[in-house]
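I opened a new notebook page for this structure. I wanted to look at the fold of the chain, then at what surrounds the ligand.

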Amino acid sequence: MDWKKKLYHILSVPPLVEEPMSKHTSLRIGGPAEFLVSPQSAAELQNLIEMAFQYAVPLFVLGQGTNLLVSDRGLRGIVVSLSGFCSTYEFLEGGLLKAGAAVSLFKLCQAAAGKGLGGLEFATGIPGSMGGALYMNAGAYGSSMSNLIREVTTIDLRGKRCVRPVEELKFDYRWSSFQDEEVIILEGLLALTPGDREKILARTAEVLNDRQAKHPHLPNAGSVFRNPPGRPAGKLIEQAGAKGLAVGDAQVSLQHGNFIVNKGRATASDVLKLIAMVKEKVKEKFDLDLALEIKVIGENGSKQGRR
Ligand SMILES: Cc1cc2nc3c(=O)[nH]c(=O)nc-3n(C[C@H](O)[C@H](O)[C@H](O)COP(=O)(O)OP(=O)(O)OC[C@H]3O[C@@H](n4cnc5c(N)ncnc54)[C@H](O)[C@@H]3O)c2cc1C
């Protein structure tokens with residue numbers, strides 16, 4: 001039996017076949033995923049991973065697709081969503097919050113604030129999932145997920161599950177050691193700080209309002225480039241005269257220089273051309289090479305998946 005047939009035996013919910021990734025990314029761009037699957041239990045995921053390993057099928061883990069540029073030709077192999085079984089969270093004694101990888105970060109921020117637990121206010125309004133936030137070490141307003149992580153549960157591509165204490169993990173600006181590994185994050189344990197509920201709620205609302213005022217409302221994938229040390233990429237892009245540049249329906253946002261928006265029918269190829277133009281302008285003006293923060297994936301992209 002080939003791996004495609006096996007897939008149907010393993011999964012209780014049939015896979016989506018040639019599923020447009022544009023439906024699963026905040027940029028609304030991306031060609032088809034050969035198979036998009038949603039295992040309904042840890043056992044199904046385990047079987048899926050073992051099958052993929054045995055047949056050398058590429059696996060890509062999708063969070064909420066808010067930091068991704070998926071190529072127009074899409075992704076071969078299997079794209080895995082964990083929303084079928086990693087979608088719950090619970091508060092534990094001592095300000096601990098245990099959350100599945102597929103829970104939305106927004107939901108966690110609201111729940112923590114409602115309980116009078118501080119620490120996650122900075123993340124209010126960062127779109128995406130808990131798993132994506134841990135993988136990217138999502139951050140804003142001077143804080144990031146690494147300040148809260150106690151431990152993370154992962155499963156590797158041979159099906160080995162591990163609970164990893166924070167001491168064994170590494171984090172940096174928009175980087176975690178998971179980015180150098182081949183693992184799927186299943187859940188995380190965050191240490192929050194009990195505080196004044198009204199103050200935490202007020203700060204949460206303030207952060208949310210600030211973000212809504214600053215960020216463009218057209219489809220986008222957040223900051224395209226990493227900030228070079230001490231210099232916001234958005235300002236450099238603006239000063240290099242790249243704000244408003246466009247290729248097809250992809251445009252450097254007029255509101256924020258570090259965002260590229262999709263005005264309707266932009267393709268990944270439009271965005272990649274625009275990225276190259278922005279980099280060139282910044283290089284010319286400041287002799288500085290901007291590095292990407294968004295993850296470019298898929299055929300013709302930098303990385304097809306995790307193996
Ligand atoms: C309007 C807007 C504003 C944003 N603002 C911010 C901001 O202020 N700060 C910030 O840091 N980011 C920001 N982002 C970027 C993005 O929201 C974060 O990077 C977020 O953490 C990505 O989560 P996700 O679930 O969408 O991940 P995805 O985009 O789906 O995936 C991102 C990467 O994480 C990997 N991944 C996801 N889940 C798992 C898992 N369970 N196990 C292993 N790997 C996994 C994927 O394979 C991929 O490589 C913004 C994005 C948008 C659209």
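**Contacts along the chain**

I began with contacts between residues at least 6 apart in sequence, and in the protein chain 66% of them join residues at least 24 apart. I noted that this is a predicted model.

**Fold and size**

I looked up the secondary structure of the protein chain and found 7 helices and 20 strands. For the extent of the C-alpha trace, I wrote down about 55 × 50 × 30 Å along the principal axes. I also checked burial: 43% of the 307 residues count as buried.

**Around the ligand**

Which residues come nearest to the ligand? Of the 33 residues around the ligand, they are Gly63, Gly128, Gly131, Gly132 and Gly222. I then listed the elements that give two or more residues to this shell: strand 3 (59-62), helix 4 (130-136), strand 9 (139-140) and strand 15 (183-191).

Which element gives the most to the shell? Helix 4 does, with 5 residues.

I sorted the shell by residue type and got 17 nonpolar, 14 polar and 2 charged residues.

Last, I looked up the domains. Domain 1 (3-81) and domain 2 (89-214) each supply at least three residues to the shell around the ligand.

Note on methods:
Residues are numbered from 1 along each chain as its sequence is written. This is a predicted model: local features need pLDDT of at least 70, side-chain atom pairs count only at pLDDT 80 or more; totals for chains, interfaces and linings use all residues. A residue is near a molecule or strand if its C-beta atom, placed from the backbone, lies within 6 Å of it. Helices (H or I, at least four residues) and strands (E, at least two) are DSSP runs, numbered from the N terminus. Ala, Val, Leu, Ile, Met, Phe, Trp, Tyr, Cys and Pro count as nonpolar, Asp, Glu, Lys and Arg as charged, and the others, Gly among them, as polar. Domain bounds come from an automatic or database domain assignment. A residue is buried if 20 or more other C-beta atoms lie within 10 Å of its own, exposed if 12 or fewer, and partly exposed in between; C-beta atoms are placed from the backbone. Two residues are in contact if their C-beta atoms, placed from the backbone, lie within 7 Å.
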